[in-house]
Amino acid sequence: MSAVTRRLVTRRGFIKRAAASGAAASFLSARALASQKTLRILKWAHFVPEFDPWFESGAKDWGREHDTRVLIDKVPVESIGNAARSEVRAGKGHDICIFPWPPAEYYQHAIDHSEIYQRVAERYGAIPQLAHRSTFNPHNRRYFGFADFWMPSPLHFFQDYWAQVGMPLGPVHYGALRVGGRKLRAQLGIPSGLAFTATLEGNVTLHTILYAHRAWLLDGDGSVLFNKNVFAFEALKYLQVLYEESGTPEQLTWGPSGNVRAMLARKTSSTTNAISLLRAAERQEPLVASKIRLQPPPVGTAGMGVTALPHVTNCSVVWNFARNPDGASRFLVDLMDRSRRGYEISAGCNFPIYPKTVPDLVVRLSKDAAADPSYKYVELKDALHWTPNLGVPGFATPAYMEIFNSSLVPRMVQSVLRGEREPADAAAIAATEMQRIAEKWRE
């Protein structure tokens, strides 16, 4: 065999060996990918633009550490309920579904999250009351979800507007909100800006006002309290007068975040919302932001103190049809280690369920780099004390959450504000619907 022939044979052998080696590597790579676990997460789209990219990046990092491919889908807040119902009907979908409110209606389709809370307790202490009452089903003694952060719902108001009617500190109680709002619209043409529509902010605002007027929906046992006394009528009458004296027709047509956009445009004098409103003003309109002040929610009536339901209670559910329930549970436990950074990335919107994860919270609120003045957010230092769970005075039960998610309360209020029903009639009709819902879940 000539030297030239030997070189050709050697070259052919090298190419064959290289091809075989590449095929083997591709086979092994494909085999490793096939054996890799997958974790699928569905979540609501956060109000702060920077948060979701950070969450996704951290989830992918977690996946690399645990040999897991993490896939995340986001939907608007208004769509998370429909997406969850579709998965429940199909019995398949994501492993974790993250809601902005307690998902009590899905307790039959969730694993028991007790072990998740127990593992978190080893790092950060016993389960806080807000999480317990938002994710525990007292009838089957199981946790249908896991709560890791929440958002308070303080009153935002323009100090320069309210100073012109003698209230530079804002309306501290509901009587002042009505009287001051009437003067502002009469003198400056600036209406009140509370959300009254079937949106998240409208739901939270109206459930808060009912509770603050002692017009409670259900008691601790799930029995209907609404309209069993004068409080329901009085709360609806208050809303009717508030709207007639200080409102604007636009309040009845706002879509999601309509109250936020109105405040950013300085078209309204005040509203209740998560501080994502003020953070948006700081990013987009610093001059507008400098005129907005925060205060705790107005003092309630009939012996009720300062109180407001959470704008968001972030609750994750591991479905009982999840394909990777162990990985999902581990992910939620480990997620708590990133709570401090999550608070920072969310610009302080995500208040920690476990105080130990952000132990210097009050210090941060007292001196905020983006705020003008820097102490503006200190008004939230006692927010946990004036924020009960959705479902109060009971737990976040399936019946209560169906009432909430069906927008029964905004529909009732709208019928009064549009002049379609008198307060007494609207309260009676709503109470009947609440009774139907309560009996359905009791059965």
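Helix H4 crosses helix H13 in a right-handed manner, the near helix being turned clockwise from the far one by less than a right angle. The contact involves Ile-116, Arg-119, Val-120 and Arg-123 of H4 together with Ser-329, Arg-330, Leu-332, Val-333 and Asp-334 of H13, where contact means heavy atoms within 4.5 Å. This is a predicted model, in which local features need pLDDT of at least 70 and side-chain atom pairs count only at pLDDT 80 or more, while totals for chains, interfaces and linings use all residues. Residues are numbered from 1 along each chain as its sequence is written, and side-chain values use heavy atoms, without hydrogens and water.

**The H4–H13 pair**
- H4 spans residues 114–124 and H13 spans residues 325–335; their axes lie 9 Å apart at an angle of about 30°.
- The two helices are therefore roughly parallel (angles under 35 degrees).
- By class, four nonpolar, one polar and four charged residues form the contact of H4 with H13.

**Ala-328 in H13**
- Ala-328 belongs to helix H13 and counts as buried because its relative accessibility is 0% (buried means under 20% relative accessible area, with a 1.4 Å probe and protein chains only).
- Beyond neighbours within four places in sequence, Ala-328 is in contact with Leu-39, Asp-95, Ile-96 and Val-318.

- Not counting residues up to four places away in sequence, Phe-226 touches residues including Leu-210, Trp-216, Met-412 and Met-434.

How values were computed: Axes are lines fitted to C-alpha atoms, for helices over the stretch in contact, and angles run from 0 to 180 degrees between N-to-C directions. Helices (H or I, at least four residues) and strands (E, at least two) are DSSP runs, numbered from the N terminus. Angles under 35 degrees count as roughly parallel, over 145 as roughly antiparallel, 65 to 115 as roughly perpendicular and the rest as oblique. Ala, Val, Leu, Ile, Met, Phe, Trp, Tyr, Cys and Pro count as nonpolar, Asp, Glu, Lys and Arg as charged, and the others, Gly among them, as polar. Buried means under 20% relative accessible area, exposed over 50%, partly exposed in between (1.4 Å probe, protein chains only).
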